[in-house]
Amino acid sequence: MTPIYDRVALIGLGLIASSMALAMKRQGLAGEIVGTARSAATRQIAVEIGLCDRITETAADAVKGADLVVLCVPVGAMGQVAAEIGPHLARGATVTDVGSVKRAVIEAVQPHLPDYVEFIPAHPLAGTEHSGPRSGFAELFDNRWCLLVPQPDSDPEAVLRLRQFWEGLGANVDEMDADHHDLVLAVTSHAPHLIAYTMVGVADDLRRVTDSEVIKYSAAGFRDFTRIAASDPTMWRDVFLNNKDATLEILGRFTEELFALQRAIRTGDGDHLHAYFTRTRAIRRGIISAGQDTDAPDFGRSGRKV
Ligand code: NAP
């Protein structure tokens, strides 16, 4: 395949960047992949595993001559990285990011970019609970969504090229406004993560009482919460600090629903519980028929005991 970009610079070399590098190589989407990370240790691992064609010590060096620059650092670090690379960006380059929050990233990054580059924020809706340059895999984005958030003055050709790039990485691409993105993600990802963190925290307290039975007998349900709650603490701290309003709105609604269910249990209102669980089951079926998860029992963990 003809490369879509001549030189792609990946700033930050964690799960998302390493998966992008591997998926780019799979499809030949970049003439050259240049990478950089904050720590010498991460850069060293990237060299050892041959993740990129070239690793630079600084972000400023990585972006020189790149026609696509992808910011793959935690949301709270985006502004500082943009300030570092701003003066070194090539004329006509596209700058994008993969951050899980969009409005705050736009506000942090935009002021540092010269007006001769295109800034097109993005968010691939794909991930795992693992971090770092060794955690990536080429298939991460296959059949997952990537949301592009073009700016009012974005060049349609630059947006189309970035869309083709993400499609080449295996993703389905949609465009969305930043505030809507942040609300949708608060429902589908951010609030669920907070609930998982809370549930695992509660069970951890209980574990001290029950002498580790919670871990020993952890069945589907709790175990799935623990997987989500093992996600990177820095990334998730930054998500909540930067998507405050939407997350608080969804958590407010969540609390109301929880109280309603609590009341139904106390008053023995089986009809309420049954109707509620019937409605939620239909949502799960919708996700499966949209191809976003497997309907295999136990999420497809074949051969493993629950
Ligand atoms: P990761 O595996 O933890 O890697 C993060 C990278 O950012 C590392 O290379 C790290 O450098 C660097 N970094 C951390 N703090 C930094 C700072 N203050 N300044 C400069 N560099 C810094 O993270 P990831 O999972 O790939 O996530 C990257 C981005 O993708 C985040 O914005 C996240 O919101 C978004 N995202 C994540 C997921 C997911 O499920 N993981 C899904 C979609 C989008 P060192 O290794 O040198 O410390």
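Residues are numbered from 1 along each chain as its sequence is written, and side-chain values use heavy atoms, without hydrogens and water. Because the model is predicted, local features need pLDDT of at least 70 and side-chain atom pairs count only at pLDDT 80 or more, whereas totals for chains, interfaces and linings use all residues.

**The ligand**

Around the ligand stand 27 residues, each with a heavy atom within 4 Å of it, and the closest are Arg38, Ser39, Thr42, Val73 and Ser100.

| Residue | Part of the residue | Distance to a ligand oxygen atom |
|---|---|---|
| Leu13 | polar backbone atom | 2.8 Å |
| Arg38 | N or O atom in the side chain | 2.7 Å |
| Gly132 | backbone N or O atom | 2.8 Å |

Of the 910 Å² of accessible area that the ligand has on its own, the protein covers 86% (Shrake-Rupley method, 1.4 Å probe). Helix H1 (15-27), helix H4 (78-85) and strand S7 (122-124) each give two or more residues to this shell; helices are DSSP runs of at least four residues and strands of at least two.

**Strand S5**

In a regular strand the side chains alternate between the two faces of the sheet. In strand S5 (residues 94-97), Thr94 and Thr96 on one side and Val95 and Asp97 on the other are all buried, meaning under 20% relative accessible area. Strand S4 (residues 68-71) runs parallel to S5 and is joined to it by four bridges, with Val70 opposite Thr96; pairing requires at least two bridges found by DSSP. S5 also pairs in the parallel sense with strand S6 (residues 118-119) over two bridges, where Val95 stands opposite Phe119.

Definitions and conventions:
A polar contact is a pair of N or O atoms within 3.5 Å; within protein, one must be able to donate a hydrogen and the other to accept it, and residues adjacent in sequence count only if both atoms are side-chain atoms. Buried means under 20% relative accessible area, exposed over 50%, partly exposed in between (1.4 Å probe, protein chains only).
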